[in-house]
Amino acid sequence: WNDPFAMGYIVAMEGNARIWERYEELLLHNRGASPNHKEERLPSSYITLTHKRGRYCNEHGKLHVHIGQSRSVFGAAFPEQTQNILKDGQCLFFTEQGLLVNTVIVSRSPSYTPGDVRVLESINLPTDSPLRRLRNCILFSTGGTRPEADKMSGGDLDGDLYLVIWDTRLLKYAQQIGKEEPADYSALPTSESNSSSKEDWISYVSKFDNSMLGIVDRAFYNTAKEKGISSMEAKELNKIFSSLVDKNPASLKKLDKIAGSSYLTSASKSSTD
């Protein structure tokens, strides 16, 4: 109950009227109020949330939280200009108003593990740097042992969009977020020779369809709810999803191996309902 308003957002995602009513009751109880005096005792922001939750959810029950201090921008690297400026864990982030010097939380969609969300330091530039003319993008460091983009759901710089947040309400969790290790998105081995054969690709093209991504996506969320986002099953599904997106033939073999598992079967059934 440190932030009942935030709890209301979570309740809104459930889309269940009874849960919503229970949330109202708990709020009132927490404030020592009775249902007959809710209009007098509850802050106006809570009343708005309680009676107008449609404002926060679309027709599918998806929650939309508008964060002013955030941008969705293209990611890029410019080693010729930044290799002597940016260190591992640093970046250059530009809004429509120019360079922003601040700690930022960066991620890309979809993010299936806590380590997919990165905390970076957007640093300053010399006043005469030509990079200051850039707008609405984030430049990642080319230092370190692994590309920063790859740490975020196996992303790259071929047109991927990255969500950058510098809202102080979320930055207070930056230290905790930064402790999470990024997942390993190395390509799954395709065969004993660790390379894709002609037969692998023929099998992939004949079997793959886009509905598989939806099935794995639903299976992940079902598994995360039941066993936790850090469970081995959730991590396995995360890697399979990434491999499917990258069109790795080995992803279908992994999918076949777990096809009989309960979490994947239930997700497959829900996709056909």
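How many salt bridges does a search of the whole structure find? The search finds eight, counting a salt bridge wherever a side-chain nitrogen of Lys or Arg lies within 4 Å of a carboxyl oxygen of Asp or Glu. This is a predicted model, in which local features need pLDDT of at least 70 and side-chain atom pairs count only at pLDDT 80 or more, while totals for chains, interfaces and linings use all residues. Residues are numbered from 1 along each chain as its sequence is written, and side-chain values use heavy atoms, leaving out hydrogens and water.

**View A. Glu96 and Arg71 meet in a salt bridge.** Their side chains come to 2.8 Å, N to O. Arg71 belongs to strand 1 (residues 70–76) and Glu96 to the loop between strand 2 and strand 3 (98–100), so this pair ties together parts 25 residues apart in sequence. Helices (H or I, at least four residues) and strands (E, at least two) are DSSP runs, numbered from the N terminus. Glu96 is partly exposed at 39% relative accessible area, and Arg71 is partly exposed at 24%. Here, buried means under 20% relative accessible area, exposed over 50%, and partly exposed in between (1.4 Å probe, protein chains only).

**View B. Arg108 and Asp160 form a salt bridge between two loops.** The distance is 3.3 Å, N to O. Arg108 sits in the loop between strand 4 and strand 5, and Asp160 in the loop between strand 6 and strand 7, so parts 52 residues apart in sequence are tied together. Arg108 is buried at 15% relative accessibility, and Asp160 is buried with a relative accessible area of 15%.

**View C. Lys151 and Glu148 take part in a network.** Their side chains meet in a salt bridge of 3.6 Å, N to O. Lys151 counts as buried at 11% relative accessibility, and Glu148 counts as buried at 5%. Salt bridges with shared partners join Asp88, Arg118, Glu148 and Lys151 into one network.

**View D. Arg146 makes polar contacts from a loop.** Look for Arg146 in the loop between strand 6 and strand 7. Its side chain makes a polar contact with the side chain of Asp150 at 2.7 Å. A polar contact is a pair of N or O atoms within 3.5 Å; within protein, one must be able to donate a hydrogen and the other to accept it, and residues adjacent in sequence count only if both atoms are side-chain atoms. A polar atom of the Arg146 side chain also lies 2.6 Å from the backbone oxygen of Ala183.

**View E. Phe93 and Trp166 bring two rings together.** The ring centres are 5.4 Å apart and the planes meet at 55°, so the pair is tilted. Rings of Phe, Tyr and Trp (its six-membered ring) pair if their centres lie within 6.5 Å; planes under 30 degrees apart count as stacked, over 60 as edge-to-face and the rest as tilted. Phe93 lies in strand 2 (residues 90–95) and Trp166 in the loop between strand 7 (161–165) and helix 6 (168–171), so the pair ties together parts 73 residues apart in sequence. Both Phe93 and Trp166 are buried.

**View F. Ser109 and Pro110 are joined by a cis peptide bond.** Omega is about 0°, and Pro110 lies in the loop between strand 4 and strand 5. For background, most peptide bonds are trans.
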